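Hi,

Here is the structure I promised to pass on to you. Have a look at it first, and then read my notes below.

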Amino acid sequence: MLRRSLLLACLLAFGAAVPARAQTASQLIVGYKAGTPASAVRAAAASYGASVRRMGLPNAYVLTATSGTLDTNLVIQDARVSWVEPARRTWGSAVTPFQDQWGLNNVGQFNGTKEADIDVVRAWSFGSYGAGVPVGIIDSGTNFVLPQLAGMSVFANPGEAGAKATNRIDDDGNGCVDDVRGCDFVDGDGDPTDANGHGTTTASVTLGPYGPSNVVGIAPQATLMTGRALDSEGYGTTATAASAIAYLGAIGARVVNISLVGPDSLAMRNAVAAYPNTLFIAAAGNDGADNDVSDSSYPCEDPAPNVICVGASTPLDSLSSFSNFGAASVDLVAPGQLIAGLRLNGTTGSYRGTSFAAPMVTGTAALLFAARPGATVAQVRAALLAGVERKPAFAGKVVTGGRLNAYNALAALLGVSPAPRPSTLKPTGPAGGSSGTTPTTPTAPPTPATTPWTTASGLPHTIDVNAKATLKKNKLKLTLKCKGQQSCEGSVAAITGKAKASNAVSYAIAANKSTSATLTVKLAKKAKTVAVAITEDGMTVRHTVKLKR
């Protein structure tokens, strides 16, 4: 939630309407109605003084101002536009740059608690190492030439193979030129090579091969698919993130790791929703904040059924001090502190952040998909959450109240009763043994509290617009209702006819309350409908309401 002033508190109490400010940005993500030809989009962009790039998300484009900024209020007036939002900044959710991979096998390293780990060595004993599972990594890219990653399975795009790999043509028509092993949405080309290091680290934690270095990934035989969405400084935009989500979903990733956070984005949520057969694992963020009352840790806060949100735990089985949490929005925790990972130059570093907790879950998901190739996203997600080890430190902090346990998750998916943990552990490779005490028996996790989402507008709160509006002497009166447990804040504006510049008004409505908004418009005498734009958190969606005179 945004910080509220005393004035805003009063608005919530009385549902008042005040003038709204224009939304401008140098780059916009625009969703057009189905059937809008690309030529019309290019023509519209040119009229705004913008270049245009197609996204992997159906009917969505990125418009970039050639100079100055673009106005969302101007763009939404085009009747072919369904929604528009600024491309806002995203960032990797690491805190800082090993002696040992305690997260895989905790024998008391770093003065930690024995077995406060994900029990992956016993999980490997099921014979699953992720072979054949395409795993997407949305990050700063991958340093593919590192000797420490030699032997890692990397996606090879058959549509851009051979001579097509360097012909500078989008041969497979997926919107990315020469994307042989992934796509770069920062520089707009087919080479997702890492220039920061964050992506290389998350890839090594997720699926680093067994042998070339002293870092082994959770799913060392899975196949890497790379979507570069963060630049050399570790920053990106909601446009690059949404594009990478759509791209990896389209090329068949079964599970995708998203170790970045950013503001709420309709483009990102639409991209996730467009690929229900892909499981997206997202970092919770590193502000030590409650995601239940925040809107700055997306896509982790997306309540979609194919998203899992991951917080970070310590070697002592406690919540990391920096980790975001949320009894209704963060699903589970995984080791995210003192995590061994490969640096950009191939040396080993020690890292902390939810960026490195999420790959633990992503790698485990790959093990599950490999163990049961026909498993659905819902089945794998349920097994991951059912298999957690519940600990007092996580109760009330995350949905399941527990930490990831890969062995329990595999047992839950395969319908096997989990065996007590042996007292000795001597890993001999990906199929090594395990040690410790009996793991928590998997039980069904508590049902997550649902966050209200409107199906009519696609906005992050349930805001209803009365299907009919009253028009008297150029005064258009709308009724707005906020549904659910959260308040609704945004603005409404008329976008049909010659509306005066002051027609946009803001609303701030308490949960399950209504308010009226009056707009000044000039419409044709025989007009039967009027289009209005609802804007929340920078996202603007178009509605059509009937007129009562």
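The protein chain has ten helices and 30 strands; helices (H or I, at least four residues) and strands (E, at least two) are DSSP runs, numbered from the N terminus. Before you go further, note that this is a predicted model, where local features need pLDDT of at least 70, side-chain atom pairs count only at pLDDT 80 or more, and totals for chains, interfaces and linings use all residues. Residues are numbered from 1 along each chain as its sequence is written, and side-chain values use heavy atoms, with hydrogens and water left out.

Let's start with the overall numbers. Of the 549 residues in the protein chain, 56% are buried. Here, buried means under 20% relative accessible area, exposed means over 50%, and partly exposed is in between (1.4 Å probe, protein chains only). The chain's accessible surface is about 21100 Å², and carbon and sulfur atoms account for 53% of that. Those areas come from the Shrake-Rupley method with a 1.4 Å probe, and for residues only the protein chains shown count as cover.

Ten of its ten residues are buried, so H5 is largely enclosed by the rest of the structure. Among them are His-198, Gly-199, Val-205 and Leu-207.

Then go to helix H10 (residues 406–414), where seven of the nine residues are buried, so this helix is also largely enclosed by the rest of the structure. The seven are Ala-406, Tyr-407, Asn-408, Ala-409, Leu-410, Ala-411 and Leu-413. And what covers them? The cover includes helix H4 (120–124), helix H8 (354–371), helix H9 (377–386) and strand E21 (389–390). Both ends of H10 have something to show. At the start, a side-chain oxygen of Asn-405 comes to within 3.1 Å of the backbone nitrogen of Tyr-407. After the helix comes Gly-415, with a positive phi near 70°.

**One tryptophan**

Trp-83 sits in strand E7 (residues 81–86). Is it buried or exposed? Trp-83 counts as buried because its relative accessible area is 10%. Val-30 is 53 residues away from Trp-83 along the chain, yet their C-alpha atoms are separated by 6.0 Å.

**Salt bridges**

Side chains of opposite charge can pair when their charged atoms come close. A salt bridge here is a side-chain nitrogen of Lys or Arg within 4 Å of a carboxyl oxygen of Asp or Glu. How many are there in the whole structure? The search finds nine.

Here are some to look up:

- Arg-80 pairs with Asp-78, and their closest N and O atoms are 3.0 Å apart. Arg-80 is partly exposed at 35% relative accessibility, while Asp-78 is buried at 13%.
- Asp-264 pairs with Arg-269, again with 3.0 Å between the closest N and O atoms. Asp-264 is buried, with a relative accessible area of 1%, and Arg-269 is buried too, at 9%.
- Arg-403 pairs with Asp-317, with the closest N and O atoms 2.8 Å apart. This pair links distant parts of the chain, 86 residues apart: Arg-403 is in strand E22 (residues 402–403), and Asp-317 is in the loop between strand E17 (307–313) and strand E18 (332–335). Both residues are buried.

That last pair also belongs to a network of salt bridges linking Asp-317, Glu-389, Lys-391 and Arg-403.

**Some backbone details**

The peptide bond from Tyr-298 to Pro-299 is cis, with omega near 10°. You'll find Pro-299 in the loop between strand E16 (279–283) and E17.

Which residues other than glycine have a positive phi? One of them is Asn-474, with phi near 65°. Asn-474 lies in the loop between strand E24 (468–472) and strand E25 (475–483), and it is partly exposed, with a relative accessible area of 39%. Another is Asp-178, whose phi is about 55° although it is not a glycine. Asp-178 is in the loop between strand E10 (153–154) and strand E11 (182–184), and it counts as buried at 12% relative accessibility.

Cheers

Key:
Contact = heavy atoms within 4.5 Å. Polar contact = N/O pair within 3.5 Å; in protein donor to acceptor, adjacent residues only side chain to side chain.
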